[in-house]
Amino acid sequence: MMRASLRSAGIVAASAIVMGSVIAGSLPGYWVYLATAVLITAINLLSLGIVEGRTGMISLCQLSFAGVGAWTVGYLNVAGAPGGLPLWILIGGFAAMPFGIAIGVPALRLRGINLAIVTLGFAGAFDAILAANTFPGQTSFLQVPRPEIFETDQGYFVFVMIVFALMAGGLELVAGSRLGSSWLSIRHSERAAAAHGVGIPSAKLGAFALSAFVAGVAGGLLAGYLGTLVADNFALFGSLALFAVATMTGAQYAEGAILGGLLVTLFPELLRRLDLPQDIGNVLFAVGAVQALSSGESMSEGLRRWYGRLRTRRFVEAVSLNRSDLPPSRDHGDKPALVVRGLTVRYGAVIALDNINLDVPARCVTGLIGPNGAGKSTFIDAVAGFLAHYEGRIELQERPLEGLLAHARARLGVRRTWQTNRISPDLSLGAYLTLAAGDLTAGQLRAALAWIGCSDPDLKVAKLDVGTRRLLDVAAVVAARPVLALLDEPAAGQSYDEALLLAKRIAEIPRVFGSAVLLVDHDMDLVRAACESVAVLDFGTVIALGKTSAVLDLPIVRRAYLGIGETEAA
């Protein structure tokens with residue numbers, strides 16, 4: 001995965017530098033000057049792509065972060081600080097990061113329109129501060145000096161192109177890392193990300209901090225581009241237009257950021273030459289953003305989808321497990337994987353679980369069955385840490401789990417799947433498995449992919465059918481080799497033969513991976529084939545517990561779960 005990320009980052013950086021060199025050497029001076037503005041805007045859009053495109057959060061104050069960076073560069077220039085513009089730009093980026101973190105704090109609890117209001121309020125406050133104070137050097141007309149070797153417009157264009165290449169390549173590396181995968185997972189489902197051990201607060205704050213840094217760098221570049229700055233360069237409506245363009249073009253990708261930079265910079269120039277009002281551009285940007293949201297696809301995503309059709313898809317049905325690829329079984333010891341005592345969950349006057357006692361032995365597959373509404377999913381939510389309040393005690397290998405959030409329990413060894421698909425379709429198979437299980441060797445990755453009958457780790461999750469995505473969810477949990485794997489209806493969407501094959505593989509999990517399994521499913525053939533013991537829930541209480549074959553034949557189980565009375569069962 002890292003090699004693929006390095007290759008992708010190298011391609012992005014090299015392409016940007018080559019294109020920049022061609023533009024600098026072939027275009028007239030005025031158009032080179034405009035092209036520099038395109039790149040600075042593109043860097044600003046890249047910053048917005050981190051929080052909006054990758055993490056799924058709303059930020060309407062990106063130009064405020066850029067303003068912090070620009071103000072810092074101006075101050076360092078007036079103060080005669082050493083290092084020159086390249087160092088000042090870096091300092092400006094770091095100066096913007098605390099503001100990004102401060103804005104990110106509300107994002108830990110706010111989403112959607114509420115978060116948008118907070119970020120818009122910050123942009124408005126920054127506008128007011130800028131209106132009351134001048135930029136350093138503005139009244140004395142002290143120009144921000146460009147680097148000596150990049151002093152001309154053509155030279156400064158090359159300098160900005162180098163910065164853009166470094167930023168785009170660096171963000172491509174981050175996108176291919178576990179942090180980048182965690183952002184996409186959070187965008188799709190915060191609960192699913194937490195179930196894989198992702199710390200949601202730290203991931204969100206990291207996204208805002210990095211976004212502010214990139215925006216601060218863009219602001220510093222703008223200071224060197226214009227020489228002196230005014231408050232209008234960082235107006236609130238500019239941030240709104242930037243958000244609309246980022247949504248329309250898909251600014252999380254380098255090509256989307258460049259396309260957005262072209263629109264923001266050159267469209268006003270076109271309107272000026274046609275003698276049309278400048279506000280038309282903002283209206284069209286808003287329409288484009290609405291179109292992207294309604295279709296679920298930005299311009300860069302559409303281009304990537306079209307390009308993807310030209311590539312050969314490597315997909316292999318029924319890939320077999322190679323024993324030499326399997327990791328050595330992890331020894332979690334002989335302590336019971338899970339001990340639950342007196343677990344009670346109430347929703348007002350409704351008792352979802354009533355005094356549940358259940359043990360899951362180490363390296364065993366235990367079934368948890370019952371009719372719909374019996375409390376099975378509530379039980380899994382409680383064990384995995386997704387319930388804020390419950391009564392009773394839950395222990396993982398004799399360690400109490402009370403007070404631990406879902407991501408902390410996942411890191412200790414409690415992993416789960418979901419009844420519905422919660423995998424980000426934008427992730428590749430390899431990226432998702434790495435997100436769930438950490439760094440995997442090539443052999444371990446092949447073994448995990450064999451669960452879903454695939455040989456291509458770069459294949460996007462969006463290419464998989466629903467049933468295969470469910471198998472991928474199981475494969476990710478298994479690859480992490482947890483103490484306890486909670487599998488919530490993994491056979492949903494599978495054919496009869498596929499379910500029997502899945503049952504065989506689930507039965508092998510304790511021996512091959514060292515994990516205990518708690519399996520919830522309505523497929524009785526799957527339960528019989530995979531589980532050594534089974535517990536039956538009905539109306540939130542355990543009505544039967546014991547060996548699988550014996551429990552499933554009990555009249556009380558047939559009556560409660562299968563709808564068969566005692567006379568019929570006889």
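Of the 570 residues in the protein chain, 53% count as buried, where buried means under 20% relative accessible area, exposed over 50% and partly exposed in between (1.4 Å probe, protein chains only). Please keep in mind that this is a predicted model, in which local features need pLDDT of at least 70, side-chain atom pairs count only at pLDDT 80 or more, and totals for chains, interfaces and linings use all residues. Residues are numbered from 1 along each chain as its sequence is written, and side-chain values use heavy atoms, with hydrogens and water left out.

The predictor's confidence in each residue, pLDDT, runs from 0 to 100. Its mean over the protein chain is 85, and 89% of the residues reach 70 or more. Residues 312–321 have pLDDT below 50, yet this stretch makes 24 contacts in the model beyond near neighbours in sequence; a contact means heavy atoms within 4.5 Å. Where pLDDT is low, the predicted coordinates should not be read in detail.

The protein chain holds 23 helices and 10 strands. These are DSSP runs numbered from the N terminus (helices H or I, at least four residues; strands E, at least two).

| Helix | Residues | Mean pLDDT |
|---|---|---|
| α23 | 566–569 | 47, the lowest |
| α9 | 200–226 | 94, the highest |

Now to the sheet. Six strands form an open sheet with mixed pairing, in the order β6-β7-β8-β3-β9-β10. Because β6 and β10 (541–547) stand at the edges with a single partner strand each, one side of each is left without a neighbour in the sheet. Two strands pair if DSSP finds at least two bridges between them; β6 and β7 (residues 484–488) run parallel and are joined by 3 bridges. Helix α18 (residues 466–479) lies across β6 and β7, at about 170 degrees to β7. Axes here are lines fitted to C-alpha atoms, for helices over the stretch in contact, and angles run from 0 to 180 degrees between N-to-C directions.

Two residues deserve a visit. Ser-428 sits in the loop between β6 (414–416) and α16 (429–437), and counts as buried because its relative accessibility is 9%. Its side chain reaches the backbone nitrogen of Ala-431 at 3.1 Å. Arg-558, in helix α22 (residues 555–562), is partly exposed because its relative accessible area is 22%. The side chains of Arg-558 and Asp-553 are joined by a polar contact of 3.3 Å. A polar contact is a pair of N or O atoms within 3.5 Å; within protein, one must be able to donate a hydrogen and the other to accept it, and residues adjacent in sequence count only if both atoms are side-chain atoms.
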